[in-house]
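Please open the structure in the viewer and keep the selection tool at hand.

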Amino acid sequence: MVACNNNRKDVKAHITYFSSQNRQSLELENYILSNFDQALREDWIEPFYQPIVRILNGQSGNWEALARWRKPDNGMLLDEQLIPTLDRAGILYLLDLYMADKVIADLKKMQERGHL
């Protein structure tokens, strides 16, 4: 099934083989989907802030929050691994809401410390 889904958009493909890369992708997707609720409950996912730099003048004034999932076994999943899986499952909005809550909480802490 995974091999077929990988070539679904390739109209010229007649034969598809299941590979170790397919297996790794499937295992990662299964891990994400089966642990996503727990990751949200236990704060395994956190915002990593990155400055947005203007190319014309090199100045930074804004920041973006990137989702990083710290796995309990000390591994890390990046947003480019999470987002496609959550999007295909129709639950990406849950990550959006979670990240918005985290960013707002961080902004409140910064404001309380006088950094804003």
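**First stop: R68 and its surroundings**

Select R68 and D79 in this predicted model: their side chains make a polar contact at 3.1 Å. R68 belongs to strand β2, which covers residues 60-70. Is R68 buried or exposed? Its relative accessibility is 14%, so R68 counts as buried, the limit for that class being under 20%. Now display the residues in contact with R68, leaving aside its neighbours within four places in sequence. They are W44, I45, E46 and F48, together with M76, L77, L78 and D79.

**Second stop: the largest nonpolar core**

Next, select F36, I45, W69, L82 and L95. The largest nonpolar core has 14 residues, and these five touch the most other members. Which element gives the most to the core? It is α2, with 4 residues.

Then centre the view on F36.

Finally, select L107, M110 and L116, which form a nonpolar patch on the surface. Together, these three residues have about 290 Å² of accessible area. L107 is located in helix α4. With a relative accessibility of 41%, L107 counts as partly exposed, because this value falls between the 20% and 50% limits.

Note on methods: Residues are numbered from 1 along each chain as its sequence is written. This is a predicted model: local features need pLDDT of at least 70, side-chain atom pairs count only at pLDDT 80 or more; totals for chains, interfaces and linings use all residues. Side-chain values use heavy atoms; hydrogens and water are left out. Helices (H or I, at least four residues) and strands (E, at least two) are DSSP runs, numbered from the N terminus. Buried means under 20% relative accessible area, exposed over 50%, partly exposed in between (1.4 Å probe, protein chains only). A polar contact is a pair of N or O atoms within 3.5 Å; within protein, one must be able to donate a hydrogen and the other to accept it, and residues adjacent in sequence count only if both atoms are side-chain atoms. Contact means heavy atoms within 4.5 Å. A nonpolar core is a set of buried Ala, Val, Leu, Ile, Met, Phe, Trp, Tyr and Cys residues joined through side-chain atoms within 4.5 Å. Patches are made of residues with over 30% relative accessible area and no salt bridge: like charges are joined within 9 Å, nonpolar side chains (Val, Leu, Ile, Met, Phe, Trp, Tyr) within 5 Å. Accessible areas come from the Shrake-Rupley method with a 1.4 Å probe; for residues, only the protein chains shown count as cover. A salt bridge is a side-chain nitrogen of Lys or Arg within 4 Å of a carboxyl oxygen of Asp or Glu.
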